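Colleague: I'm still learning to read pictures like this one. Could you pick out a single part and walk me through it slowly, along with whatever surrounds it?

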Amino acid sequence: MTNSAGRKSLSSNVLMILPVQFIMLFLIIIPTILVIWFSVINFQPTFGKPFWESQFVGLDNYAKILSNIEFINAVARTISVSLMCLAVEFLLGLVIASILIGNIYGKKFLFPLLIIPLMIAPIVIGNNFWLMFSANGPVNQIVGLILNIEFRVSWFTHPQFALIPIILSEIWHWYPLTFLILFSGFAGLSISEIRAAEILGASEWQIFWRIKFPKLKGVIAIALVIRMMEALKVFDVIYLLTQGGPGTLTESISFYLFKHGFTYSKISFISAGAWIILFICLVGFSLALKSVLFKER
Amino acid sequence: MPHIVLQEISKRYGDLNVLDNINLEIKDGELCAIVGPSGSGKTTLLNIVAGFIKPDKGNVIVDGKSINHLDPRERNIGMVFQEIGLFSHMNVRRNISFGLEIKKNEKQEVEKRVQEIAEKLKIQHLLDKKPNLLSGGEAQRVAIGRTLITNPSFFLLDEPLGNLDANLRGEMLAEIKKLHMTLKKTFIYVTHDQEQALAAADRVIIMQDGRITQDGPPKAVYLNPANKFVAEFFGVLPMNMINGEIVQTEDKTLFKGGRLTVHLKKIKQPLKTTQATLGVRPENVLITNIISEDGVGEVTAVEVFGDKNLVYLDIESTHSLVALVDSKIRPNIKERMKIKLREDKTFLFYPENGERVYP
C-alpha cells in the first residue's frame, strides 16, 4: 500500500520539480556548456562571425591568458586583498560577537546598528567611500587636522594607496557577515559546557581556545569560505572608485574579465580565464574545507 | 572542610522576586537537598553559591570569609549540571583531566589521577570514548569524575538525575550517596523531585516563591509539614486536602467537610477561622468498624500500591479521600465504608494562605 503510493508520488514528485529543472537548464547548464565552447574557439563578436563558425583553437586561449602578466597580477591581487579583508573582518566579527554575546547595555540597539552595512547596496557604499576619500573629502581633512598639516592625497589615483579605500569599503560592507555567523555560533554553544570549564578553573582565554574555538571550527570555516567567495568576486567598488586604475594597479579578477570581455569583446579569452578561476576556487575551497570540517569524522 | 553560610541573599529579575532574603547555614559534610517546584528559585540560589549569578544583596560566606567577589573559577567548587555539559569534542579521558590540564600539571600525574577517578567511578572502559557515545548514567558518572579531579572543597549538583530514566535514577542516587560517604564533603543538590530528596538527603530545604518554607531532616518535614504547600508537595502520595468549616460548640471543636465530621480534641481555645482545609496523609486514613467513626465514604476505586491498597472514597466533597490500607482490606466498588482519621496526624490549614492552624 505504502510502497505503491510511494512509487506513484515519486513520479508526481519528478513532475513537480521539472519546471525548476527546466529553468536551471537555461540558467546554468546551457551557459556552462557555452562557456566551455567559447574557451576553445577564437570568438569575438567584433569579428562578425557567429560563434559556431569560429575557428577551433584548442587550449590556445588558456595559454594566452596564463601568460598574460596583467591577469596573473589581478589574480594575485584579488587573492591577497581578499585574504587581508578576510583576516580583518574575521577578527572584527569575532571581537564584536564575543562582546555582544554577553549581557551588555544597549545590545538591542547596537545589534541592528552593526549589521546595517550588510543591507546597503554596494553602489551606495561605493559612492560614500568615493565621497569620503575624494581629495577634498573628510578623510583627508580629518587626517590633516590630527597631524596638523596640509594633507591632500588623491587616493584613487595614488599607485600605493589606491587599494586602501577599496579594502576599507569591503571590510565595512562585509564584517557584519562574519559577525552574524560567529554570533550565532557563540549563541549555539552549550552554557553548561562553558560553565563547567569555568568552575573547573579555566580562564576566559582557555575557555575560548579549548572549548569555544574547537566547537566553532566548522562555523568559522563556513563563514570564511562564504566571505572568501564573495571577496573573490569584488567588482562594484572598484568600478565605482578607481575603474581599476591607476593603470591596472587595482584591477581584480572580475574587473579584469569585465574589461577584456565587455570593453575589448575578447569573449573566448575571458571564457578561458573564467574556467581557470573556477578551477583555482574549487581546489582551494575543497582543500580548505576538507582540512577543517571533515578531518575528525 | 567548609562551612557555608548564606546571609540575606536577595535577587530580582525585573518585577520578579526570585530570591527573597534567604538565610541558610550548611554544616561540614552535609548532604543537603534544595527542593521546590519549577520557578521557586532553587537553581538561582545554587548559581549564586557557584558564582555564576551575582546576588543583588547578601553574602555567601565559606569558612568565615565572604566569597562574593570571587569568580566561579576561583571558588574551588565541584559542580554537576542538569544538562551534564560534557565537553563534546574531547574524549572521556580529556574531559576528566581538563581541570588539571589547564593548570599545567605534569602529564604523568594527571594520568594517574584520571586512572584513580575512573576506577572509583568504574568508568575505566569508557576513557577513550566520545561523550556522544555514552548512556545517560555513564555521562553522569563522567561529569562527576570531571569535578572530582580538582579536589573541590564542596559540591553543587543541579538536578543531577533529571535526565535519567526512573530505574537509573535510583542507582545514581545511591552512587551519589556513596560518594558523599567516602569523600566526606559537603554536597548541596537541587531537585524538583521530592522523592530524590527523601531518599538521599540528610537535610531538605523546601523553597517556594523565592523563600525557604521549611528546613529539616526529610522525615521531620514529612511528619510535620509547616504549611499546606509543603504538605502537598512533600511525600510520594499527595496529602488528602478536604475543604470544610469549623463548628465550635460549647465543649468541642468540630471540622465538617462533605460527609466527614472530625472532632478536634486537642483544640482548647476557639479557632479564629470558620473555614479550613483539613490535611491527612493516605496512610493515616483508616477504614474501620468502630462506632466512633469520623464519617462514611463510598468506595469509587481500589488500586494496588506496592504491598498495600489505595482506596478512593467519595465523601461528597470536592476531592475524594484516599486511604492507604493493608492489602487484606479490599472493599467492593460502591460499598460504604466507615472512616477514621488518626487524630494526631491530622492537620488544619487556612484555605487562603495555606498556613497551618492546627496542631
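Modeller: Let's take helix α4 of chain B, residues 136-148. Of its 13 residues, 11 are buried, so the rest of the structure largely encloses this helix. Buried means under 20% relative accessible area, exposed means over 50%, and partly exposed is in between, using a 1.4 Å probe and protein chains only. Helices (H or I, at least four residues) and strands (E, at least two) are DSSP runs, numbered from the N terminus.

Keep in mind that this is a predicted model: local features need pLDDT of at least 70, side-chain atom pairs count only at pLDDT 80 or more, and totals for chains, interfaces and linings use all residues. Residues are numbered from 1 along each chain as its sequence is written, chains are lettered from A and ligands numbered from 1 in the order in which they are written, and side-chain values use heavy atoms, with hydrogens and water left out.

Back to the helix. Among the buried residues of α4(B) are B:Gly137, B:Ala139, B:Gln140, B:Arg141 and B:Leu148. What covers them? The cover includes α8 (191-199) of chain A, plus β6 (77-80), α2 (92-101), α3 (107-121), β7 (154-158) and α5 (166-183) of chain B. The length works out too: at 1.5 Å a residue, α4(B) should span 18 Å, and its end C-alpha atoms are 19 Å apart, which agrees. That expected span is 1.5 Å times one less than the number of residues.

Two of those covering pieces, β6 and β7, lead us to a sheet. Six strands of chain B form an open sheet in the order β6-β7-β8-β3-β9-β10, with mixed pairing. Two strands pair if DSSP finds at least two bridges between them. At the edges stand β6 and β10 (211-216) of chain B, each with a single partner strand, so one side of each has no neighbour in the sheet. Neighbouring strands of this sheet are turned by 15° against each other on average, direction ignored. Look inside the sheet and you'll find β3 (residues 31-35) and β8 (residues 186-191) of chain B running parallel, joined by five bridges. The bridge partner of B:Ile34 in β8(B) is B:Val190.

Now for the helices on that sheet. Helix α1(B) lies across β3, β6, β7, β8 and β9 (203-208) of chain B, at about 150° to β7(B). Axes here are lines fitted to C-alpha atoms, for helices over the stretch in contact, and angles run from 0 to 180 degrees between N-to-C directions. Contact means heavy atoms within 4.5 Å.

Helix α1 (residues 42-50) also lies across β1, β2 and β4 (57-62) of chain B, at about 120° to β1(B). Those strands belong to an open sheet of four, ordered β2-β1-β4-β5 in chain B, with antiparallel pairing. Its edge strands are β2 (16-26) and β5 (65-66) of chain B, each pairing on one side only. Between β1 (residues 4-13) and β2 of chain B there are seven bridges, and B:Lys11 has B:Leu19 in β2(B) as its bridge partner.

What about the greasy interior? The largest nonpolar core has 57 residues, and B:Phe98 and B:Leu156 have the most contacts inside it. A nonpolar core is a set of buried Ala, Val, Leu, Ile, Met, Phe, Trp, Tyr and Cys residues joined through side-chain atoms within 4.5 Å. Leaving out residues up to four places away in sequence, B:Leu156 touches B:Leu46, B:Val49 and B:Ile77, among others. Apart from that core lies another, of 45 residues, including B:Leu134, B:Ala143, B:Leu157 and B:Leu161. B:Ala143 is one of the buried residues of our helix, α4(B). In soluble globular proteins, nonpolar side chains tend to be buried together.

Finally, zoom out to the whole chain. Chain B has eight helices and 21 strands, and buried residues make up 51% of its 359 residues. Its C-alpha atoms fill a box of roughly 80 × 45 × 35 Å along the principal axes. Of the contacts in chain B with a separation of 6 or more, 66% are between residues 24 or more positions apart.
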